[in-house]
Amino acid sequence: MNFGDKILHSRNAIIKKYRPSEFIFKEGDTPHFYYRILNGRIKFNNYSEDGKEVIQNFFEKGTSFGDSFLLAQLPYPVNAEVLEDSEILRLPESDYINILHEEPGLCMERNKDFAERLYFKSVIEQQIGSSKASAKLKGLMDYYKSFEKNKKPFSFPIPLTRQQMANFTGLCVETVIRTLKKMEIDNLLKIHNSKIMYLFMIEVIFSGS
């Protein structure tokens, strides 16, 4: 039984339904729960003083979130906003901690997940920190495809709108659109029915292009 299955069978876990634009928690709230997405999609974001959204991350069906804040016992530094109709499993803090103490194998599973997130976050931050728009967008798309098992060229549709990519990288939408078109000309991606089909960066390196 993996960690997700263990949580599903926990007697104190409850499932809550959320609508788009609802907040699961807000910046400054105190963490009390572990969350797992059964269906739907959410994003971590902040809003600047002038109201501009800055996206921190996205979470899809089958992923968990919020546990690092729960373990740190610090207020949430982000909002968790719902993007589409979602079902979120919620487990109280005490039950989550008990599982980690009682089952070392599941604890190691969570540690591995944390380590992978930190690694890829470091990679993406290096590229997004670049002054070049193409490097920012490559870093963002590499991050998303890094979690996919299928690494074939142009096999992965980037699950982000142009506006979301702009909010994530700090670029304006016009720059994102212009840069994506240039990347398509350079054969780094293909755009089909407005979907961005990305060529994984590792394959670009090994192909010598």
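## Salt bridges and burial

At 11% relative accessibility, R41 counts as buried, where buried means under 20% relative accessible area, exposed over 50% and partly exposed in between, computed with a 1.4 Å probe on protein chains only. This is a predicted model, in which local features need pLDDT of at least 70 and side-chain atom pairs count only at pLDDT 80 or more, while totals for chains, interfaces and linings use all residues. Residues are numbered from 1 along each chain as its sequence is written, and side-chain values use heavy atoms, with hydrogens and water left out.

The partner of R41 is E60, with which R41 forms a salt bridge whose closest N and O atoms are 2.6 Å apart; a salt bridge is defined here as a side-chain nitrogen of Lys or Arg within 4 Å of a carboxyl oxygen of Asp or Glu. R41 sits in the loop between β3 (33–39) and β4 (42–47) and E60 in the loop between β5 (53–59) and β6 (64–65), so this pair ties together parts that are 19 residues apart in sequence. E60 counts as partly exposed, at 29% relative accessibility. Helices (H or I, at least four residues) and strands (E, at least two) are DSSP runs, numbered from the N terminus.

## Two further bridges

The structure holds five salt bridges, and one of them joins R19 to D85, with the closest N and O atoms 3.1 Å apart. Because R19 lies in the loop between β1 (14–18) and β2 (23–25) and D85 in the loop between β7 (79–82) and β8 (86–92), the pair ties together parts that are 66 residues apart in sequence. R19 is exposed, with a relative accessible area of 52%, whereas D85 is partly exposed, at 45%.

D67 belongs to helix α2 (residues 67–72) and R110 to helix α4 (residues 104–128), so the pair ties together parts that are 43 residues apart in sequence. Both ends are buried, D67 at 0% relative accessibility and R110 at 5%.

## Aromatic pairs

A search of the whole structure finds 13 aromatic pairs, where rings of Phe, Tyr and Trp (its six-membered ring) pair if their centres lie within 6.5 Å, and planes under 30 degrees apart count as stacked, over 60 as edge-to-face and the rest as tilted. Among these pairs is that of F25 and Y35, which is tilted, with 5.9 Å centre to centre and 45° between the planes. F25 lies in strand β2 and Y35 in strand β3, so the pair ties together parts that are ten residues apart in sequence, and both F25 and Y35 are buried.

The rings of F69 and Y76 form an edge-to-face pair, 5.6 Å centre to centre and with 85° between the planes; F69 and Y76 are both buried. One aromatic cluster is formed by F25, F33, Y35, F44, F59, F65, F69 and Y76.

## Packing of α5 and α6

The axes of helix α5 (residues 133–145) and helix α6 (residues 162–169) come within 10 Å and cross at roughly 105°, which means that α5 is roughly perpendicular to α6. Axes are lines fitted to C-alpha atoms, for helices over the stretch in contact, and angles run from 0 to 180 degrees between N-to-C directions; those under 35 degrees count as roughly parallel, over 145 as roughly antiparallel, 65 to 115 as roughly perpendicular and the rest as oblique.

On the α5 side, K136, L137, L140, M141 and Y144 meet M165, F168 and T169 in α6, with contact meaning heavy atoms within 4.5 Å. The residues of this contact divide into six nonpolar, one polar and one charged.

How values were computed:
Nonpolar A, V, L, I, M, F, W, Y, C, P; charged D, E, K, R; others polar.
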